[in-house]
Amino acid sequence: MSAAAIAVRGIGKHFGELKVLDDVGFEVGEGETVALLGTSGCGKSTLLNIVAGLAVPDAGELWLHGERAAARGERRSLAYMFQEDRLLPWRTVQANAELALEAAQPRLSAHGRRERAAAALEMVGLAAFAGHHPHQLSGGMRSRVALARSLIGEPGILLMDEPFSKLDPQTRAQMHGEVLRLRALRPTTILFVTHDVEEAIVLADRVIVLAPRPGRVREIVNVSLPRPRSATETDVAEAVRRLRLLV
Ligand SMILES: Nc1ncnc2c1ncn2[C@@H]1O[C@H](COP(=O)(O)OP(=O)(O)OP(=O)(O)O)[C@@H](O)[C@H]1O
Ligand SMILES: [Mg+2]
């Protein structure tokens with residue numbers, strides 16, 4: 001069996017007296033999409049920050065593609081889509097998309113950057129808005145820019161922290177379609193955080209349910225329903241209902 005894309009082993013984390021994570025362990029296979037589901041404050045963002053190398057655990061190990069990862073530091077081929085879109089207001093959509101490449105591939109020429117950014121914006125249906133500034137976009141369009149920016153460096157691993165929680169249900173469903181379409185175009189390992197049981201069932205191959213205070217794995221649920229999944233289908237609604245009982 002090949003090594004998991006992400007292996008979290010015995011991770012623990014305190015902030016002062018507060019024990020936030022306790023002996024958290026799970027794996028995400030190459031190309032798999034996994035949801036981290038849990039109540040507010042149970043340590044989901046902290047866990048994602050540890051995987052991204054932005055926070056240092058007090059205990060445990062993190063392995064990426066079969067290699068032990070340093071507790072802190074840059075992760076090659078990993079993109080992190082934060083809960084806020086973090087677009088720079090003074091940069092156009094195109095220049096915001098290019099920003100990720102400036103960091104990830106500093107040797108790429110300006111022309112190369114432009115082309116890659118244009119292709120990424122095309123992929124999320126925003127080619128016509130490349131010259132706009134963030135304040136001229138709707139919330140859904142801003143999310144699309146953030147998604148394009150996350151994918152532009154062709155990451156092997158994509159982390160997303162409640163990326164669509166501020167969108168209305170219809171736009172959120174569109175973004176789910178977008179993620180699934182992009183995942184089919186280019187196999188990517190996705191680990192995402194959500195409060196939303198329906199989002200977990202619609203997107204994920206597996207759902208890791210976290211228990212709070214301190215955060216730990218309560219249950220791991222396989223979702224083997226055929227795709228695309230719509231919340232209006234009976235099987236999907238039933239899976240949502242059963243998962244809700246575990247959270
Ligand atoms: N840098 C920090 N310093 C001190 N405490 C922190 C820090 N980051 C998080 N915490 C605390 O750790 C706990 C878990 O926070 P975290 O942001 O990981 O939760 P979460 O599951 O992502 O919550 P939410 O769903 O509301 O985003 C919270 O009680 C929070 O106050
Ligand atoms: Mg959070």
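Modeller: Helices (H or I, at least four residues) and strands (E, at least two) are DSSP runs, numbered from the N terminus. Bear in mind that this is a predicted model: local features need pLDDT of at least 70, side-chain atom pairs count only at pLDDT 80 or more, and totals for chains, interfaces and linings use all residues. Residues are numbered from 1 along each chain as its sequence is written, chains are lettered from A and ligands numbered from 1 in the order in which they are written, and side-chain values use heavy atoms, with hydrogens and water left out.

Colleague: OK. Where is Pro-214 found?

Modeller: In the loop between β9 and β10.

Colleague: Switching to the open sheet, what is the strand order?

Modeller: It goes β2-β1-β4-β5, four strands with antiparallel pairing. β2 and β5 (67-68) are the edge strands, each pairing on one side only.

Colleague: How many bridges hold β4 and β5 together?

Modeller: Two, in the antiparallel sense, with β4 covering residues 59-64. Trp-63 stands opposite Arg-68 in β5.

Colleague: Now ligand 1. Which residues are closest?

Modeller: Ser-40, Gly-41, Lys-44, Ser-45 and Thr-46, out of 13 residues that surround ligand 1. A residue gets into that shell if one of its heavy atoms lies within 4 Å.

Colleague: What are the polar contacts like?

Modeller: I call it a polar contact when a pair of N or O atoms is within 3.5 Å; within protein, one must be able to donate a hydrogen and the other to accept it, and residues adjacent in sequence count only if both atoms are side-chain atoms. An N or O atom in the side chain of Ser-40 is 2.5 Å from an oxygen atom of ligand 1. For Gly-41 a polar backbone atom is 2.8 Å from a ligand oxygen, and for Ser-45 a polar side-chain atom lies 2.9 Å from one.

Colleague: Which elements give two or more residues to the shell?

Modeller: β2 (18-28) and α1 (44-52). α1 gives the most, three residues.

Colleague: Last one: what sits over the ring of Phe-82?

Modeller: The charged end of Arg-86, 3.7 Å from the ring centre. The criterion is NZ of Lys or CZ of Arg within 6 Å of the ring centre and within 35 degrees of the ring normal.

Notes
Pairing = 2+ DSSP bridges.
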